[in-house]
There are 2 protein chains.
Amino acid sequence: MKKILFVLSFILICSAVSFGQKLKPIKLLKPQMEGGKPLMQVLKARKSSRVFSKKKLSVQMLSNLLWAACGVNRPVAGKTGKRTAPSACNWQEIDIYVAFAKGLYLYDAAANILKPVLAKDLRAAAGIQKFTKDAPLNLIFVTNFSRMGRANKKSKEFYSATDTGFISQNVYLFCASEGLATVVLGYVNKPMLAKKMGLKSDQKVILTQPVGYPER
Amino acid sequence: MKKILFVLSFILICSAVSFGQKLKPIKLLKPQMEGGKPLMQVLKARKSSRVFSKKKLSVQMLSNLLWAACGVNRPVAGKTGKRTAPSACNWQEIDIYVAFAKGLYLYDAAANILKPVLAKDLRAAAGIQKFTKDAPLNLIFVTNFSRMGRANKKSKEFYSATDTGFISQNVYLFCASEGLATVVLGYVNKPMLAKKMGLKSDQKVILTQPVGYPER
């Protein structure tokens, strides 16, 4: 019996250590809030691209991308701060998960950090089309209905969709400004992806959006 | 009998003439696709504002605003062209109606023109909150389900919401770049507004967005 317990403990400890080793938080750099191309030029260049090179984004580029998407642009003491994208009733119900080859992370805008979620490559599951696995990262927009007050289910679904649209367009424009490739995807097996991500019942995948450098 | 017919004809002609005089198409100017502030600075300044001055936008500003929202950024010969905002399956199902004091217009992006719809001031009906009538214009985002192929009703509602989000965020960023005030509104009596606008059964109001100069 002692031997069995020892072996079980050993397995548990090994799993925990292995998980911890594989996935540590990614401390993002301070976003650069001054640069980028002029807005009208960015809008002229806005487009969807479905071919990605394997080249990774630098931590600074990643930090800027996530801040542009829905980062804190007007800090509020003691609160999560106001954002680059609006949300209905300021619910801030949309979370951005980021799927890299090394694993899945959750963007914490207030702390400017990527929190580890799962040491698995979920890029292929972030869309039906094959190119999602080629991009160095896939953004996964997830709503959390529990933050949406007493709204009924239909309203929660509606505003989760509009509020994801605001964020996704910021990603499009950031990519247009920086010469990155991106496309927003609704053609996703959302229940399967939610299961792989380990989402709770009040969390729903809304859209996904691979981001990377264009393949030349 | 002749007299009655004459009087009736006279009334009809007068109504038609009066309607025509009140509302003519607004020929938009060529949008300026090069200017604007740097994108990151625009994202930093992005916010919702609910106080509007009565000052009107110039035709050039209006033309730039509508182009930024969902204008043609990549013309395609013989087609409606690709846009500054994406839409699911490129359905381009979202129309922008513009409510001014003098009446309601429909933005035709391909022709770069505002088509007259109704010689009535619908700004007060574009939101429950009183400030909508103060803004010189209210954008009204309307989906047209008949453009959305064989998608089921739930999908049509979902993508109409996401696709409006993309466009609305463009409006937010254009306003941030130009020092204009704006706020997106879901708190709208949509069936009442749709009725006043004379929308068809396959058209639905998604969101509205007053735009103007800030009250100083």
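**Entry 1: the interface**

I began with the contact between the two chains of this predicted model, and I noted that chain B and chain A bury about 3,600 Å² between them, with 63% of it on carbon and sulfur atoms. On the chain B side I looked up which residues lose the most area to chain A, and these are B:Leu39, B:Met40 and B:Lys44, together 19% of what that side buries. Counting residues in contact, I found 46 of chain B against 46 of chain A.

**Entry 2: polar and charged pairs across it**

I then turned to the polar side of the interface, where 24 residue pairs of chain B and chain A are in polar contact, both residues of each pair being at pLDDT 80 or more. The elements of chain B that each supply at least two residues to the side touching chain A are helix H2 (39-45), helix H3 (59-70), strand E2 (72-74), H4 and E9. H4(B) gives the most to that side, with 15 residues, and by class the side of chain B that touches chain A has 21 nonpolar, 15 polar and ten charged residues. The rule finds two salt bridges across the interface of chain B and chain A, and I wrote down a salt bridge between the side chains of A:Lys154 and B:Glu157, at 3.6 Å from N to O.

**Entry 3: the sheet of chain B**

I traced an open sheet of seven strands in chain B, in the order E1-E6-E5-E4-E7-E9-E8 and with antiparallel pairing. Strands E1 (26-27) and E8 (181-182) of chain B stand at the edges with a single partner strand each, so one side of each is left without a neighbour in the sheet. Strand E4 (residues 94-100) of chain B is joined by six bridges to strand E7 (residues 137-144) of chain B, and in E7(B) I found B:Thr143 as the bridge partner of B:Ile94. Helix H4 (residues 153-178) of chain B packs on this sheet, touching E4, E7, E8 and strand E9 (203-212), and its direction makes about 10° with that of E9(B). Helix H5 (residues 190-197) of chain B, by contrast, runs at about 90° to E9(B).

**Entry 4: the sheet of chain A**

In chain A I read an open sheet of seven strands, ordered E1-E6-E5-E4-E7-E9-E8 and paired antiparallel. Here I followed strand E5 (residues 104-108) of chain A to strand E6 (residues 113-118) of chain A, which five bridges join, and I noted that A:Tyr107 has A:Leu114 as its bridge partner in E6(A). Helix H3 (residues 59-70) of chain A lies across several strands, including E1, E5 and E6, and runs at about 155° to E4(A).

Conventions. Residues are numbered from 1 along each chain as its sequence is written. Chains are lettered from A and ligands numbered from 1 in the order in which they are written. This is a predicted model: local features need pLDDT of at least 70, side-chain atom pairs count only at pLDDT 80 or more; totals for chains, interfaces and linings use all residues. Side-chain values use heavy atoms; hydrogens and water are left out. Two strands pair if DSSP finds at least two bridges between them. Helices (H or I, at least four residues) and strands (E, at least two) are DSSP runs, numbered from the N terminus. Contact means heavy atoms within 4.5 Å. Axes are lines fitted to C-alpha atoms, for helices over the stretch in contact, and angles run from 0 to 180 degrees between N-to-C directions. Buried area is the accessible area (1.4 Å probe) that two parts lose on being put together, summed over both. A salt bridge is a side-chain nitrogen of Lys or Arg within 4 Å of a carboxyl oxygen of Asp or Glu. A polar contact is a pair of N or O atoms within 3.5 Å; within protein, one must be able to donate a hydrogen and the other to accept it, and residues adjacent in sequence count only if both atoms are side-chain atoms. Ala, Val, Leu, Ile, Met, Phe, Trp, Tyr, Cys and Pro count as nonpolar, Asp, Glu, Lys and Arg as charged, and the others, Gly among them, as polar.
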